[in-house]
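Q: Please take a close look at one part of this predicted model and describe how it is packed. Then go on to the parts beyond it, for a reader who has not seen the structure before.

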Amino acid sequence: MRTTLVIARLTFREAARRKILLAAVALGVIFLVVYAIGFYYVNKDLSTSGNAGLIERSEIRNFFMMAGLYVVNFLCVMMAVLTSVDTLSGEIASGTIHTLVAKPVQRWEIVVGKALGFSGMLTLYVLLMGGGVVAVVYLLGGYQAPNVLRGLSLMWLNVILLLNVSLLGGATLSTLANGVLVFGMYGIAFLGGWIEQVGSLVQNQTAVNIGIISSLIIPSEAIWRRAAYEMQSPLVQALGFSPFSSGSVPSLFMIAYAIVYAAIALLLAIRQFRLRDL
Amino acid sequence: MPAAIEIHSLRKVFGEKVAVADLTLTVERGEVFGFLGPNGAGKTTAVKMLLGLIAPTSGEGKLLGLPLGDHLGRERVGFLPEHFRFHDWLTAEEFLRLHGELYRMSSDRLRQRVPELLDLVGLAPHAGKRLRTFSKGMLQRIGLAQALLNDPKLVLLDEPTSGLDPVGRRLVRDIIHDLREGGTTVFLNSHLLSEVEITCDRVAFIKHGVVLRTSILQELVEGELTVEVRARGLTSEVLSGLSRWSPGVRADGEHLSLTLAGEADLPDINRYLVERGVDVYSLSPQNISLEDLFIQIVGTDGGL
């Protein structure tokens, strides 16, 4: 257990020393500032213009928040993959892993330690960015979306899912191949999500099925759409279509699938790393 | 007490390539053991199998009495890898601290041990510098310090002096000497034969992943010797008579070269030659160097 924590701390410290944390936090803050300024002016117009009714106003605020979270979701996914894509394969390729593994440690402790370190970092990132967007909308617009906690938790699950898949790839492949694989899978799920969304709009069951199948390959886009569905205003939920969600809402089964998927990915990563010749 | 290293028929195959064919070896406690062989002989693969970095295809072994791959067996084992690449964004002190924590040493012990080791390898003035700024020699020193953190019972050094200047080499030699005095077993993987000649008690020669020969260095170097003889009147009859002392007699005009098992035979050979009417001008014994022996055992093809 102690070894796991030592490795987790090392992972954290590496991100700090290599200025990854600094870059992420600095850009995150810039993003939030730009977002806040934009929201401030939209909100000001909204409050003064007499044309928009009460419902309309909260719809626009909700839309603005969802747009922000959509970007945050994408940034979080990028963070999850980019920070971890190199961690196992890079250390194996450079040989820094040799002195670690030659210590009285077990291989799983290294993988779990790294997973723990990155999870901690990504949790803070999701809180900063996602929480930041929600806070801007609440503080400046006085609007609170439904199920924010549930939505942010799902975004967090998405990040952990991609982290674990990237660790699995890193335990098996080279850094570059791992990056190509993870982003490729993410791309398929992303495309599948849109096919499903449009399919449900035009009521084409085949298109919806293609979307569901692509979500089974990796359920990352499905989790985001569920998160968006949770935080959507009741009106949009009833209408059943917005750029961020669709009439075809990923079921709770899909969420359970994502949790199992993430867990198995981590277990496989441990297994691969344990069997690998270093 | 179980041997420091004990391996039986260890074999490793990568795809089609046989890296280590069949390695059987025992290293006793307290020995300084040299592992010699040409490049690509499987030395590094063998060391990695000992440390559980690579799983053997077949065969078995024990490290300090525990099966290979058992992480507890590495508790009191120090290792300096050949291509010492470390987390270079850490400072020297942080680096040693990290590795001490991986040895599960207490922080009290580390507070005492880290400065001790920095001092030992001459890096105390650089304790707060990041490894990124270190020269190759300094990295090797910090790597060596890392291998000694937990008062190891066994230290495996993979080419420890390859990047070092003469001062650094002397340091490594002194450290190995101190380790031996303290009863630590040292497994030295090297092709710098002069280094091995000075430091090791026993050596194994390996090629294509097989131990060709294991010998006590003292016996090796003091035992076998070649004798260069300059004499006139050597007949083929006289030459063939010499084979009773030496299996390999090479004659070229007045020059004669013999390989003997020990110097006790020298007076007999001289008497034999004189009694047969040979005029002996010089008879000079030369101890065989480890390098000659290496070439003799391993061959000149470099194991290719």
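A: Helices H3(A) and H7(A) are roughly parallel to each other, because their angle falls under 35 degrees. The angle at which they pack is about 25 degrees, and their axes lie 9 Å apart. On the side of H3(A), the contact is made by A:Asn73, A:Cys76, A:Val77, A:Ala80, A:Val81 and A:Ser84. H7(A) brings A:Met155, A:Asn158, A:Val159, A:Leu162, A:Leu163, A:Ser166, A:Leu167 and A:Gly170 to it. By class, nine residues of this contact are nonpolar, five are polar and none is charged. An α-helix has 3.6 residues a turn, so residues three or four places apart point the same way.

Chain A has another packed pair to set beside this one. Helix H1 (residues 2–17) and helix H6 (residues 107–141) of chain A pack at about 45 degrees, and 7 Å separates their axes. H1(A) is therefore oblique to H6(A). Here too the crossing is right-handed. From H1(A), the residues that meet H6(A) are A:Thr3, A:Thr4, A:Val6, A:Ile7, A:Ala8, A:Arg9, A:Thr11, A:Phe12 and A:Ala15. Their partners in H6(A) include A:Glu109, A:Ile110, A:Lys114, A:Leu116, A:Phe118 and A:Met121. This contact holds ten nonpolar, six polar and three charged residues.

Chain A also meets chain B. In that meeting, 22 residues of chain B are in contact with 21 residues of chain A. H2(B) gives the most to the chain B side, with four residues. That side is made up of twelve nonpolar, five polar and five charged residues.

Chain B itself has 304 residues, of which 40% count as buried. Ten helices and 14 strands are found in it, and its C-alpha trace spans about 80 × 45 × 35 Å along the principal axes. Of the contacts in chain B between residues at least 6 apart in sequence, 69% join residues at least 24 apart.

One helix of chain B, H4 (residues 136–147), has parts of both chains around it. From first C-alpha to last, its twelve residues reach 17 Å, close to the 16 Å expected. H4(B) is mostly covered, with nine of the twelve residues buried. Among the buried ones are B:Met138, B:Arg141, B:Ile142, B:Leu144 and B:Ala145. The cover includes helix H5 (96–101) of chain A. From chain B, it includes strands E6 (77–80) and E7 (154–158) along with helices H2 (92–102), H3 (107–120) and H5 (166–181).

Leaving out residues up to four places away in sequence, B:Leu117 touches B:Leu96, B:Ala145, B:Leu148 and B:Leu149. Of these, B:Ala145 is one of the buried residues of H4(B). The C-alpha atom of B:Leu117 is separated by 11 Å from that of B:Gly100, which is 17 residues away along the chain.

Definitions and conventions: Residues are numbered from 1 along each chain as its sequence is written. Chains are lettered from A and ligands numbered from 1 in the order in which they are written. This is a predicted model: local features need pLDDT of at least 70, side-chain atom pairs count only at pLDDT 80 or more; totals for chains, interfaces and linings use all residues. Helices (H or I, at least four residues) and strands (E, at least two) are DSSP runs, numbered from the N terminus. The expected span of a helix is 1.5 Å times one less than its number of residues. A residue is buried if 20 or more other C-beta atoms lie within 10 Å of its own, exposed if 12 or fewer, and partly exposed in between; C-beta atoms are placed from the backbone. Two residues are in contact if their C-beta atoms, placed from the backbone, lie within 7 Å. Ala, Val, Leu, Ile, Met, Phe, Trp, Tyr, Cys and Pro count as nonpolar, Asp, Glu, Lys and Arg as charged, and the others, Gly among them, as polar. Axes are lines fitted to C-alpha atoms, for helices over the stretch in contact, and angles run from 0 to 180 degrees between N-to-C directions. Angles under 35 degrees count as roughly parallel, over 145 as roughly antiparallel, 65 to 115 as roughly perpendicular and the rest as oblique. A crossing is left-handed if the near helix is turned anticlockwise from the far one by less than a right angle, and right-handed if clockwise.
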